[in-house]
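Open the model in your viewer and keep the sequence panel at hand. The stops below are given in the order in which to select them.

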Amino acid sequence: MISCWENQNRFCRQTKRVFSYVFGAREARPKNIPFQIEPGNRGRGHGADANLSYNKPMALDSLLSILREDPRFIRNVTAWRTLPAQASQTAGWPAELDTRLSVAGQALGIPALYSHQAHAVEAALRGENVILSTGTASGKTLGYALPLLHTLLRDPTATALLLFPTKALAHDQIAALETWIGALQASLALRPYDGDTPQGRRAAIRKEARILVSNPDMLHLGILPHHTQWLRFFSGLRYVVLDELHTYRGVFGSHIANVLRRLRRVARFYGAEPRFIGASATIANPQQLAEALWEAPVTPVETDGAPYGGRHVLFYNPPLLNADLGLRASAADEAAQLTLRLLHAGVQTIVFARSRLSVELLLRGLRERAARAGFPTEMIQGYRGGYLPQERRVIEQDLREGRTRVVVATNALELGIDIGALDASVLVGYPGTIAATRQQMGRAGRRAGASLSVLVATPAPLDQYLITHPEYFFVRSPEEARLNADALAVVGSHLACAAFELPFERDEPFGLLPEVTPLLEALSAEGVLHRSAERFTWLGETYPAQGVSLRIATADNVVIQTTAGMTLGIMDRASAASMVHEGAIYFHSATPYLITALDWERGLAQAHPGDYDYYTVAAAATSVERLALRETLRRGALTLTDEEVLVHSKPSTYRRVSLANHDTLGWGEIDLPEQLLETEGCRVTLAEALVDVLAQEGIHVAPLDYGPEWPKIRETILTRDTHTCRLCGAPARPEAPLEVHHLTPVRTFLAQYPPSVALHLAHAAENLLTLCSLCHAKVERARGARTALSGLSYLLRNLAPVFLMCDPGDLGASVQARDVESGQPSIILYDTAPGGVGLSPRLLGLWERLAEAALERVHTCPCADGCPSCVGPVGESEPGAKTATAKLLQQVV
């Protein structure tokens with residue numbers, strides 16, 4: 001008897017690659033494994049691979065044997081888990097399903113469904129909202145395609161809207177759905193509608209589309225504001241499908257929830273009440289996330305019936321080069337060496353890096369190594385946000401067809417874009433969440449045979465904690481995806497958009513948002529809306545959606561252009577402040593460009609190519625203002641508060657760092673406006689008694705009292721130095737006052753002498769120097785000024801994501817040596833999403849576990865006096881910082 005798997009495999013060899021990607025099956029995983037790496041891309045075509053001489057059979061198995069016997073490699077492996085295969089679990093075609101679909105499916109070589117596909121179809125046909133949360137490429141598309149095709153076949157007026165987070169993913173899915181429509185021989189108009197759709201085609205699409213494939217941005221900007229042109233489509237809307245639902249979290253997810261509120265409101269106006277179906281990678285709370293987005297009851301389908309191939313998962317900690325300093329070999333260098341070995345073995349590989357800059361630096365280094373080894377550099381490509389769409393499409397095709405053997409990417413390739421069947425994935429640094437790690441690891445793997453996934457740890461405390469506690473990853477469930485649809489920074493703009501689409505009546509609901517009318521009245525008072533009797537209408541001449549970005553708090557991007565006028569890429573304004581400021585080095589396809597000018601108002605950066613041998617790292621000055629106090633919790637000598645806060649952030653300086661040895665080559669100043677973020681935070685304040693106890697041990701966490709004579713002494717030194725910086729000659733400016741700097745720190749004298757004698761010696765004229773703020777920052781960084789409080793802040797911010805189950809980028813931190821709220825030293829951890837998504841308030845209940853983990857990290861770190869893996873990078877920690885941080889933690893744990 002021919003199995004479902006054998007039939008699907010045979011059909012995949014006969015039909016389109018993309019069809020097999022979406023609906024194909026794979027080998028198995030064991031039920032007793034407590035988690036499953038997101039398996040990716042099995043069942044996609046490998047036709048070109050067979051023509052490549054270096055794609056040898058069993059290449060990966062041979063390399064794995066070599067790695068096991070390599071003492072230099074294996075001594076740095078902290079975990080090597082082998083996950084066996086799992087057989088598929090199938091179910092019959094649902095009896096309620098239109099028989100034309102089961103006939104077409106069997107004609108396509110699919111005699112049965114995977115169990116999760118069948119359960120999703122049955123729930124959708126019962127009229128339920130459904131969320132499918134199973135492995136990547138497990139056939140989730142079939143779970144939503146069948147019910148909507150069933151409905152459209154039986155009701156000639158019915159329509160369906162499919163939303164994908166990226167245009168590339170949308171076009172992948174269109175090809176798969178076309179295969180089914182062709183097999184059905186049905187007249188179902190399947191149409192894409194996004195920013196690339198020609199203007200001349202749009203009117204026809206609005207008239208004929210039965211299945212509309214788009215993205216949230218186009219729905220927000222191009223469909224809802226013009227809903228009167230879509231009367232037929234909205235009147236018949238029966239299904240709304242959202243793929244990659246796990247990506248709709250944080251700021252983006254909060255915006256999408258409000259876009260869906262607007263969609264349901266418009267559909268209701270035309271008499272439609274669509275049902276929702278979602279597909280998601282494995283996360284801890286798929287049902288909760290779907291219900292937050294759709295504001296309706298949801299049926300979850302989470303038991304995966306697809307087969308999976310075996311996988312080797314390795315945790316690799318780069319070797320320790322200097323135990324006293326805690327210095328390890330570069331994670332990027334170690335990953336590059338491993339990737340080159342994979343390239344030599346003919347193993348097609350994807351390498352993930354945490355940032356755009358990291359991708360470009362790693363790409364540059366890999367190409368140089370490959371060229372020396374005799375490989376064509378075009379075999380190695382980069383892939384990240386900011387590349388133009390046509391560039392990304394070429395890279396995707398070259399991966400599928402085997403011409404590209406290594407791709408270095410950000411999480412832009414986490415999603416289910418068809419890139420072929422790769423054999424290995426290398427992660428340079430922990431991606432920030434278990435879910436994202438499994439997604440990235442799962443981008444490699446075939447139906448049969450082994451695949452390899454390697455996590456190479458960076459020196460960051462979070463990476464080092466995980467690399468020494470691998471059970472956290474292998475046993476613990478993935479993280480939760482959270483959003484806050486009612487955040488005022490988000491919902492206010494969408495109320496304006498909704499009022500443009502349809503006037504609001506007084507007391508009309510907007511999803512489940514409480515108290516809508518007061519918000520409408522506030523918008524009316526600001527002149528955004530016009531109130532007439534019991535109705536609120538939009539006042540502006542243009543539609544408000546144009547000014548609302550779904551991904552960031554601000555509404556626009558910065559375009560990066562060469563001095564010759566060629567567009568290199570785009571970047572959100574928040575990132576642009578630190579990445580494309582004047583003087584920054586911007587990398588594109590491993591080529592460095594110097595940003596010669598940034599027009600902040602116009603959103604335009606000018607870039608000049610050159611053979612630059614350095615990169616840049618920006619720093620910002622941050623302060624946190626309390627807006628409202630929500631909860632107070634006292635824990636011994638600490639006070640923890642849950643607050644609404646306003647974060648002030650201003651880019652200040654940047655470093656030029658050598659590409660060769662990562663030494664600091666120089667400094668520059670950034671002159672850009674302050675950015676504001678209204679969010680929620682957790683403030684950790686030290687009691688005065690604790691500060692006194694630490695001071696008695698020589699640990700100073702509060703700013704020092706320079707004595708009553710200091711103002712007079714300071715003015716004397718400023719006059720002596722003619723009110724100019726002694727290093728660069730810069731004069732005092734209102735926005736940048738001069739600093740009087742102690743060449744030998746005051747703390748050094750206090751550690752040796754009584755206070756009165758210490759201050760007399762410290763304030764001697766020969767120990768004082770006038771500096772501008774930029775030169776003062778350089779000198780302080782070179783000497784190091786990280787106190788125990790700053791060391792603790794560094795640890796908390798890096799370890800908190802482990803316990804909050806969030807991405808490290810979801811949290812920010814600020815140290816206040818003298819907090820304006822209490823006058824005492826404090827640390828503020830805050831949500832980086834506008835309005836907050838409920839992360840930092842949870843720290844009040846997690847404090848004990850977090851502090852214990854921080855103390856353990858300090859005690860287990862092999863360095864002598866602070867390093868990037870514990871209290872902070874070398875050069876940013878004053879002597880004794882590690883000991884001081886440990887003593888502070890011992891006082892509070």
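**Aromatic cluster**

Select Phe234 to begin: this residue is buried, with a relative accessible area of 1% (buried is under 20%, exposed over 50%, partly exposed in between, with a 1.4 Å probe and protein chains only). The model is predicted: local features need pLDDT of at least 70, side-chain atom pairs count only at pLDDT 80 or more, and totals for chains, interfaces and linings use all residues. Numbering runs from 1 along each chain as its sequence is written, and side-chain values use heavy atoms, without hydrogens and water.

Phe234 and Tyr270 form a stacked aromatic pair, 6.2 Å centre to centre with 10° between the planes. Rings of Phe, Tyr and Trp (its six-membered ring) pair if their centres lie within 6.5 Å; planes under 30 degrees apart are stacked, over 60 edge-to-face and the rest tilted. Phe234 lies in helix 11 (231-235) and Tyr270 in the loop between helix 12 (250-269) and strand 9 (275-280), so the pair ties together parts 36 residues apart in sequence. Helices (H or I, at least four residues) and strands (E, at least two) are DSSP runs, numbered from the N terminus.

Now show Tyr193, Trp230, Phe233 and Phe269 as well; ring pairs link them with Phe234 and Tyr270 into a cluster.

**Helix 6**

Move to residues 115-125, helix 6, where eight of the eleven residues are buried. Among them are His116, Gln117 and Val121. Glycine 127 follows helix 6 and has a positive phi, near 90°.
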